[in-house]
Amino acid sequence: MKEEAKLTVGGKTYKLPVITGSEGERAIDISKLRKETGLVTLDPGFVNTANCRSNITFVDGEKGILRYRGIPVEQLAEHSSFVETAYLLINGKLPTQKQLNRFSILLNDNSLVHEDMRAFFQNFPRAAHPMGILSSMVNALRAFYPEIPERSDEEEVDITMTRLLSKVRTMAAMSYKIFKGHSLVYPRADFSYPANFLNMMFDSPVKPYTIDEDLVKALNVFWILHADHEQNCSTASVRLVGSARVNLYAAISAGICALWGPLHGGANQAVVQMLNDIHEGGGKLTPFIARAKDKNDPFRLMGFGHRVYKTFDPRGLVMKKICDRVLKKLALEDPLLDIAQRLEEVAIKDEYFVDHDLYPNIDFYSGILLRAMGIPVPMFTVMFAIGRLPGWISQWKESMDNPKWKLERPRQIYIGEKKKDYVPIAER
Ligand code: CMC
């Protein structure tokens with residue numbers, strides 16, 4: 001028998017279907033609520049609201065579980081590559097060797113960026129944040145790669161997804177080189193996706209870059225851990241903007257803007273800045289912990305807390321391990337790592353953090369890993385964006401493939417003034 005919820009309002013009882021997801025998550029389906037009752041629901045921040053049914057990513061925030069298409073993220077981090085994980089997210093299953101080879105060739109074939117785009121990159125002010133540049137340039141991709149009417153919709157979607165996956169990585173490295181005022185390094189077909197990125201970032205005519213396979217592995221893991229996270233703020237933005245049926249470049253550009261924020265992807269940059277402040281203040285943790293707990297202070301402990309995870313973020317646990325490994329391999333001693341470890345120890349035992357279910361999230365250790373790789377701090381959130389691309393693309397595609405995809409448009413409860421008459425300016 002189908003389960004139902006009952007809602008009694010104004011003496012009348014309404015029945016609402018209860019639906020269950022494949023992992024047992026239950027939800028009350030209110031899609032006909034307004035039509036049948038005249039009521040809407042109020043849920044600021046969508047804390048209790050599911051916007052779609054999705055078969056891409058499963059997160060259990062209470063148990064600290066994250067799976068892409070059913071596969072635990074820890075297994076993917078151990079055995080997969082970022083390109084293979086991207087294929088998995090977008091196509092729903094792991095590729096065969098032949099499919100993976102073909103996908104890698106397609107990514108290589110699409111990795112160059114239109115030379116005319118350089119002029120745009122070069123004319124951003126020096127101090128422009130790379131996330132602002134990236135979102136603008138991704139939006140501009142449509143102008144450089146317009147739709148070709150002869151192509152079927154499916155072919156157009158395929159080529160657009162491949163272009164994005166490949167070119168965003170090139171554009172990220174390109175913006176760094178232009179920011180430095182150095183000559184560009186082009187992608188190479190003989191390098192893997194992450195090796196290519198490192199080479200485009202760090203190779204130079206005066207100092208050739210040597211690919212370090214341990215760093216390539218670490219970057220693969222970094223991007224796999226970021227590849228999708230169900231309906232987070234940026235993905236929800238991609239779906240919402242996409243629901244107006246804008247082109248995919250515009251929808252992804254919206255996702256990049258959302259990710260930029262310090263409460264979301266921008267936290268990786270904010271964590272390192274916070275750890276630096278602690279370091280510069282002599283390494284004392286107490287004032288920062290006290291500020292984070294003070295209700296009158298907007299300061300938050302960056303890299304702590306998550307809307308969904310109420311225990312350790314499973315991505316954070318893998319990130320911490322890979323971070324330790326890279327620092328050891330490079331024989332680096334980073335005082336910020338020491339501060340991060342002490343901060344974690346103190347915070348997870350602190351009553352406030354325990355009571356509020358605040359644990360380290362993915363961003364807590366990711367910045368230290370990126371620093372060790374030589375990635376400059378303003379590029380940290382760009383690194384997150386490259387990683388999240390397969391997730392945005394697959395979530396957008398899932399919506400596009402749904403013939404019932406509705407324009408996404410929340411309701412509101414109006415609390416403004418009641419009707420009143422216009423007052424001419426001379427009488428105000
Ligand atoms: N430090 C101190 N207090 C915090 C923190 C924090 N980092 N995070 C939440 N709280 C407190 C908050 O003050 C509130 O307290 P009270 O109930 O006493 O008023 C309570 O915890 C709930 O906070 P909230 O803002 O309602 O919770 P949320 O689910 O909306 O917030 C969050 C999630 C990630 C925005 C928040 O934890 C935060 O701001 N963390 C710091 C930024 C950060 O690390 N973001 C990266 C998230 S992981 C990457 C990603 O997927 O985007």
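Predicted model: local features only at pLDDT ≥ 70, side-chain atom pairs only at ≥ 80, totals over all residues.
Colleague: Let's start with E351. Why is E351 called exposed?

Modeller: Exposed means over 50% relative accessible area. E351 has 62% relative accessibility, so it counts as exposed. You will find E351 in helix α16, residues 351-355.

Colleague: What makes the patch formed by E62, E351, D355 and D357 a negative one?

Modeller: Asp and Glu count as negative, and the surface patch is formed by E62, E351, D355 and D357. Patch residues also need over 30% relative accessible area and no salt bridge. For E351, the 62% is the value to set against that cut-off.

Colleague: Now a helix. Why is α3 described as mostly covered?

Modeller: A residue is buried if its relative accessible area is under 20%. In α3, residues 82-91, nine of the 10 residues are buried. The buried ones are F82, V83, E84, T85, A86, Y87, L88, L89 and I90.

Colleague: And what does the backbone do just after α3?

Modeller: There G92 takes a positive phi of about 90°.

Colleague: On to the strands. How do you know that β1 and β2 pair?

Modeller: Two strands pair if there are at least two bridges between them. Strand β1 (residues 4-9) and strand β2 (residues 12-20) are joined by six bridges, so they pair, and they run antiparallel.

Colleague: What lies between β1 and β2?

Modeller: Two residues, in a hairpin whose turn holds G10 with a positive phi of about 55°.

Colleague: How many bridges does β2 share with β3?

Modeller: Three, in the antiparallel sense, with β3 covering residues 26-28. With at least two bridges needed, these strands count as paired. T20 has R26 in β3 as its bridge partner. This hairpin has five residues between the strands, and G24 takes a positive phi near 85°.

Colleague: How many bridges join β5 to β6?

Modeller: Two bridges join β5, residues 65-68, to β6, and the strands run antiparallel. The requirement is at least two, so this pair meets it. To find the spot, look for R67, which stands opposite P72 in β6.

How values were computed
Residues numbered from 1 in each chain as written. Heavy atoms only, no water. Buried < 20%, exposed > 50% of the residue type's maximum accessible area, 1.4 Å probe, protein only. Helix = DSSP H or I, 4+ residues; strand = E, 2+ residues; numbered from the N terminus. Patch = residues over 30% accessible without salt bridge, like charges linked within 9 Å, V, L, I, M, F, W, Y side chains within 5 Å. Areas by Shrake-Rupley, 256 points an atom, 1.4 Å probe, with all protein chains shown as cover. Salt bridge = Lys/Arg side-chain N within 4 Å of Asp/Glu carboxyl O. Charge placed at Lys NZ, Arg CZ, Asp CG, Glu CD.
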